[in-house]
Amino acid sequence: MKHVLMSAVAGLLFASSALATEIETKSLDELYANAVAQGGELVIRAGGDKDDQADYYLNMFKERFPKIKVTHSVDLSFYHASRYDNARNDADKSEVPDIIQLQTLHDYDYYAEHGLLERYKPKNWEKVYPDYKDPHGRWIGLFGVAFTNVFNSGLINEDDAPRDALDYLDPALKGKVILTYPHTDDAVLYQFWNLKEKYGWDYLEKLVATEPTWVRGTSMPYVAIDNGWYGASFTTSWAFVPFEGSDTRLVLPEEDYFLTWFQTAAIPTDAKNKAAAKLYLNWMLSEEFQGEWLQFPVRMDVESPDGYKSHLHYNTSPADFHRFMLKRDQVERFRLQIEQLVGPAEGPAPLELDYSVKP
């Protein structure tokens with residue numbers, strides 16, 4: 001009986017090993033050739049709230065692989081997710097993209113549980129932080145994005161720039177702060193959740209009472225600050241290294257917690273151009289791209305720009321944001337509470353905003 005049991009266990013282990021997803025070994029050039037041979041097309045749905053948000057890295061990809069025809073669209077992640085849900089239910093699957101790249105991390109858990117994502121481990125898989133990849137290869141983080149303090153040094157001296165939550169209550173900042181409606185974006189909602197957890201609901205009431213300018217989408221705050229229309233925000237992002245000719249700066253909190261997540265991607269099982277999708281994931285995880293990213297890289301062996309350390313050295317946790325996103329009952333309940341406090345979101349949708357006009 002003992003030998004029968006041991007044989008059964010050995011058989012299960014062998015079967016499990018046989019089903020394991022191996023890490024890619026092909027070079028980028030080999031993957032490029034495979035993608036061209038399959039048709040040379042790539043369709044990406046990228047989460048975001050401004051139509052040029054993916055241009056930085058997609059322009060690099062197109063220059064590196066000019067024979068790949070890239071079709072992409074940027075929109076709020078929950079819209080892209082719902083479009084994918086509709087596309088996969090169509091009989092011909094013709095609208096299923098090759099890459100879904102979303103901020104709504106809970107969607108990946110759902111899709112993985114229902115067998116809707118391809119199992120694939122790109123090259124350099126083992127160098128990606130363990131929390132930011134599915135162990136079975138169904139999704140993986142590509143690059144870090146931090147939402148924290150962004151200010152215009154032409155309007156606010158660096159020594160006076162707000163860093164922690166209480167700084168935003170300073171009367172000297174009245175009329176200079178621009179914030180994203182938290183109930184329209186889960187990442188910003190998470191920021192407000194952490195403020196509530198540390199400082200209590202009373203702090204949120206005081207912040208709202210300062211009458212910041214509220215906008216839909218997280219892009220308008222950095223555009224408005226870079227244009228000198230407003231002085232500061234914590235509900236937006238910017239590069240660690242200031243852009244030449246810009247007065248916009250990013251500074252991390254001194255005491256408070258801030259948001260970081262790794263923008264995550266996956267290949268749908270019904271994707272038509274899987275060779276090109278695999279090329280894309282491998283390039284995004286290559287040192288070639290990771291070393292050019294503007295904030296935290298997802299690879300453990302690649303340094304952050306401008307002397308910043310890895311996200312592990314700061315008061316931030318992408319894994320905690322993922323946990324928050326999975327708690328949908330809590331998220332939706334808090335969203336409605338915040339809407340009661342701040343008021344309903346007003347103004348055009350983020351992709352319909354006129355970014356040449358001060359909000």
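Helices (H or I, at least four residues) and strands (E, at least two) are DSSP runs, numbered from the N terminus. The model on display is predicted, so local features need pLDDT of at least 70 and side-chain atom pairs count only at pLDDT 80 or more, whereas totals for chains, interfaces and linings use all residues. Residues are numbered from 1 along each chain as its sequence is written, and side-chain values use heavy atoms, with hydrogens and water left out.

**Stop 1: two loop residues**

Select Asn124, in the loop between helix 5 (105-113) and strand 4 (140-152). Its phi is positive, about 75°, although Asn124 is not a glycine. Asn124 has a relative accessible area of 15% and is buried (buried means under 20% relative accessible area, exposed over 50%, partly exposed in between, with a 1.4 Å probe and protein chains only).

Next select Glu211, in the loop between helix 7 and strand 6 (213-215). Glu211 is likewise not a glycine and has a positive phi of about 60°. Its relative accessible area is 57%, so Glu211 is exposed.

**Stop 2: helix 6 and helix 7**

Display helix 6 together with helix 7 (residues 201-209): their axes come within 6 Å and cross at roughly 120°. Axes are lines fitted to C-alpha atoms, for helices over the stretch in contact, and angles run from 0 to 180 degrees between N-to-C directions. Helix 6 and helix 7 are therefore oblique to each other (under 35 degrees counts as roughly parallel, over 145 as roughly antiparallel, 65 to 115 as roughly perpendicular and the rest as oblique). Phe192, Leu195, Lys196 and Tyr199 of helix 6 make the contact with Trp201, Tyr203, Leu204 and Leu207 of helix 7, where contact means heavy atoms within 4.5 Å.

**Stop 3: helix 6 and helix 12**

On the helix 6 side, select Asp186, Leu189, Phe192, Trp193 and Lys196; they meet Arg328, Gln330, Val331, Phe334, Arg335 and Ile338 in helix 12.

**Stop 4: aromatic pairs**

Rings of Phe, Tyr and Trp (its six-membered ring) pair if their centres lie within 6.5 Å; planes under 30 degrees apart count as stacked, over 60 as edge-to-face and the rest as tilted. The count by this rule is 37 aromatic pairs. In one of them, Tyr190 and Tyr257, the ring centres are 6.2 Å apart and the planes stand at 70°, so the pair is edge-to-face. Because Tyr190 lies in helix 6 (residues 186-199) and Tyr257 in the loop between strand 8 (248-251) and strand 9 (259-266), the pair ties together parts that are 67 residues apart in sequence. Tyr190 is buried at 1% relative accessible area, whereas Tyr257, at 28%, is partly exposed.

Move to Trp193 and Phe334, whose ring centres are 5.2 Å apart with planes at 85°, so this pair is also edge-to-face. Trp193 lies in helix 6 and Phe334 in helix 12 (residues 328-342), so parts 141 residues apart in sequence are tied together. Trp193 is buried at 18%, and Phe334 is buried at 1%.

For a cluster linked by ring pairs, select Tyr32, Tyr56, Tyr57, Phe61, Phe65, Phe143, Tyr280, Trp283, Phe289 and Trp293.

**Stop 5: charges over rings**

Finally, select Lys50 with Tyr355: the charged end of Lys50 sits over the ring, 5.0 Å from its centre. The charged end of Lys358 sits over the ring of Tyr230, 5.2 Å from its centre. The criterion is NZ of Lys or CZ of Arg within 6 Å of the ring centre and within 35 degrees of the ring normal.
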